[in-house]
Amino acid sequence: MTSARIAPGRLTGCRVLVVDDHVDAADSLGLMLELLGAEVSVAYDGRSAVEAARTLSPRVVLLDIGMPGMDGYETARLIREQAGDQPIQFMALTGWGQQEDIDRSVAAGFDMHLVKPVSLDALTAALDRCTNDATSVT
């Protein structure tokens, strides 16, 4: 039985950008979020994420921190710069879960720090703000 928290359509109206250099993980997460009703774009590196954010105008960016080349901190900074005043919720979705990792992501402006593997319940709870904002916009 499907719980109310993860019911299909739960994330309708939420635009999410998933960024992870692990292609299978990014694609799986993107597909799951689409099944829950979100509008999703997936990127596999920082530069592609910045371009995807320009097109999607996401409300939420689920961002791996430890990517080669441009890391998640730099990617978030560039997306934030190009978005201007547009509100975006940044969530670190990373394998790094020590307190210093959490402190660094918060200091870098991330709204939330989720450690992989994240449960579907925890992820949908974290995305509630996005769906609440989407339904309150006129």
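Student: What share of the contacts in the chain with a separation of 6 or more comes from residues 24 or more positions apart?
Tutor: That share is 65%. Keep in mind that this is a predicted model.

Student: How many helices and strands are there?
Tutor: The chain has 6 helices and 5 strands. Starting at the N terminus, their order is β-α-β-α-β-α-β-α-β-α-α.

Student: And what percentage of the residues is buried?
Tutor: Of the 138 residues, 41% are buried. The accessible surface of the chain is about 7100 Å², and carbon and sulfur atoms account for 53% of that.

Student: Which residues have the most contacts inside the largest nonpolar core?
Tutor: They are Leu17, Val19, Val61, Leu63, Ile79, Phe90 and Phe110, in a core of 20 residues. At least two core residues come from each of strand E1 (15-19), helix H2 (46-56), strand E3 (60-63), helix H3 (72-83) and strand E4 (89-94). H2 has the largest share, with 5 residues.

Student: What lies apart from that core?
Tutor: Another core, of 18 residues, including Leu29, Leu36, Ala38 and Leu114.

Student: Back to Phe110. What is it in contact with, beyond four places in sequence?
Tutor: Phe110 touches Leu63, Ile65, Gly72, Tyr73, Ala76, Arg80, Phe90, Met91, Ala92 and Ser105.

Student: Now the rings. How many aromatic pairs are there?
Tutor: The count is 2. One of them joins Tyr73 and Phe110, edge-to-face, with 6.1 Å centre to centre and 85 degrees between the planes.

Student: Where do those two sit in the chain?
Tutor: Tyr73 is in helix H3, while Phe110 is in the loop between helix H4 (99-107) and strand E5 (112-115); they are 37 residues apart.

Student: Is Tyr73 buried or exposed, and why?
Tutor: Tyr73 is buried, because its relative accessibility is 13% and the cut-off for buried is under 20%. Phe110 is buried too, at 5%.

Student: Why is the pair of Phe90 and Phe110 classed the way it is?
Tutor: The planes of Phe90 and Phe110 are at 80 degrees, so the pair is edge-to-face; the centres are 6.2 Å apart. Phe90 is in strand E4 and Phe110 in the loop between H4 and E5, 20 residues apart.

Student: Which residue lies over the face of Phe90?
Tutor: Arg80 does, at 4.4 Å from the ring centre. Arg80 is also one of the contacts of Phe110.

Methods
Residues are numbered from 1 along each chain as its sequence is written. This is a predicted model: local features need pLDDT of at least 70, side-chain atom pairs count only at pLDDT 80 or more; totals for chains, interfaces and linings use all residues. Side-chain values use heavy atoms; hydrogens and water are left out. Helices (H or I, at least four residues) and strands (E, at least two) are DSSP runs, numbered from the N terminus. Buried means under 20% relative accessible area, exposed over 50%, partly exposed in between (1.4 Å probe, protein chains only). Contact means heavy atoms within 4.5 Å. Accessible areas come from the Shrake-Rupley method with a 1.4 Å probe; for residues, only the protein chains shown count as cover. A nonpolar core is a set of buried Ala, Val, Leu, Ile, Met, Phe, Trp, Tyr and Cys residues joined through side-chain atoms within 4.5 Å. Rings of Phe, Tyr and Trp (its six-membered ring) pair if their centres lie within 6.5 Å; planes under 30 degrees apart count as stacked, over 60 as edge-to-face and the rest as tilted. A charge sits over a ring if NZ of Lys or CZ of Arg is within 6 Å of the ring centre and within 35 degrees of the ring normal.
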